[in-house]
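Subject: Structure for your review

Dear colleague,

Please find below the structure that I am handing over to you. My findings follow it.

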Amino acid sequence: LQGPDAEAVVQRVCAADMAVPVGRSVYTPMLNARGGFESDLTVARIGAEEFLILTGTAQATRDADWIRRAMPGDARAVLTDVTSAWSVLALSGPRSRDVLQHAGAEGIGNAELPFGAFRAVDVGYAYVVRGELQNAADSAALAGAQVLYINPGTAVNPGAPAVSLDY
């Protein structure tokens, strides 16, 4: 979702406060006018006037339709489906950062990339957008999940070095 009114649109459709700095993500429900639940998703602010909306596989079309219908007619914002531009890999567990660091990722410690952060990281030969997505509702198995959004063109790279770890 991008445009001068993008923040106003996400503030309207999301229950959480979406006025966050660039590089932050928020897990939030979308509620209808009666306060009823429409969907839950993660919204990452990737620019001053740009948000990346991350929703479940089966929900993308429905969520996009609902956002478009809820968007004011005079909003200076456009919602574009970029689903085909990304592959998603979730690396879970207490040593998930160790695995990424072994694969060449730098600057992904808690201080550099805290909970809710969302930014570009180089991992091996792939340029990925990485988010730290965990919350109190996550199970222990998902604690510390590293979620990587990878361009499908770099998701499979036969020339990339193999990463083998004994954890």
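Two strands are said to pair if DSSP finds at least two bridges between them. The model is a predicted one. In it, β1 and β2 pair in the antiparallel sense over 7 bridges. One example is Thr28, whose bridge partner in β2 is Leu41.

The sheet as a whole is open and consists of 3 strands, in the order β1-β2-β3, with antiparallel pairing. β1 and β3 (50-54) stand at the edges with a single partner strand each, so one side of each has no neighbour in the sheet. From one strand to the next, the twist averages 35°.

Asn32 lies in the loop between β1 (25-31) and β2 (37-47). Is this residue buried or exposed? Asn32 has a relative accessibility of 16% and therefore counts as buried, the cut-off being under 20%. A polar atom of the Asn32 side chain lies 3.0 Å from the backbone nitrogen of Arg34. Leaving out residues up to four places away in sequence, Asn32 touches Glu38 and Trp66.

In soluble globular proteins, nonpolar side chains tend to be buried together. The largest nonpolar core here has 21 residues, of which Leu1, Val10, Cys14, Met30, Val43 and Met71 touch the most other members. The elements giving two or more residues to this core are α1 (6-13), β1, β2 and α2 (60-70). Another core, of 10 residues, lies apart from it and includes Ala103, Ala117, Val123 and Ile150. Within the largest core, Val10 is in contact with Leu1, Met18, Val43 and Phe51, when neighbours within four places in sequence are left aside.

Yours sincerely

Note on methods
Residues are numbered from 1 along each chain as its sequence is written. This is a predicted model: local features need pLDDT of at least 70, side-chain atom pairs count only at pLDDT 80 or more; totals for chains, interfaces and linings use all residues. Side-chain values use heavy atoms; hydrogens and water are left out. Helices (H or I, at least four residues) and strands (E, at least two) are DSSP runs, numbered from the N terminus. Buried means under 20% relative accessible area, exposed over 50%, partly exposed in between (1.4 Å probe, protein chains only). A polar contact is a pair of N or O atoms within 3.5 Å; within protein, one must be able to donate a hydrogen and the other to accept it, and residues adjacent in sequence count only if both atoms are side-chain atoms. Contact means heavy atoms within 4.5 Å. A nonpolar core is a set of buried Ala, Val, Leu, Ile, Met, Phe, Trp, Tyr and Cys residues joined through side-chain atoms within 4.5 Å. Axes are lines fitted to C-alpha atoms, for helices over the stretch in contact, and angles run from 0 to 180 degrees between N-to-C directions.
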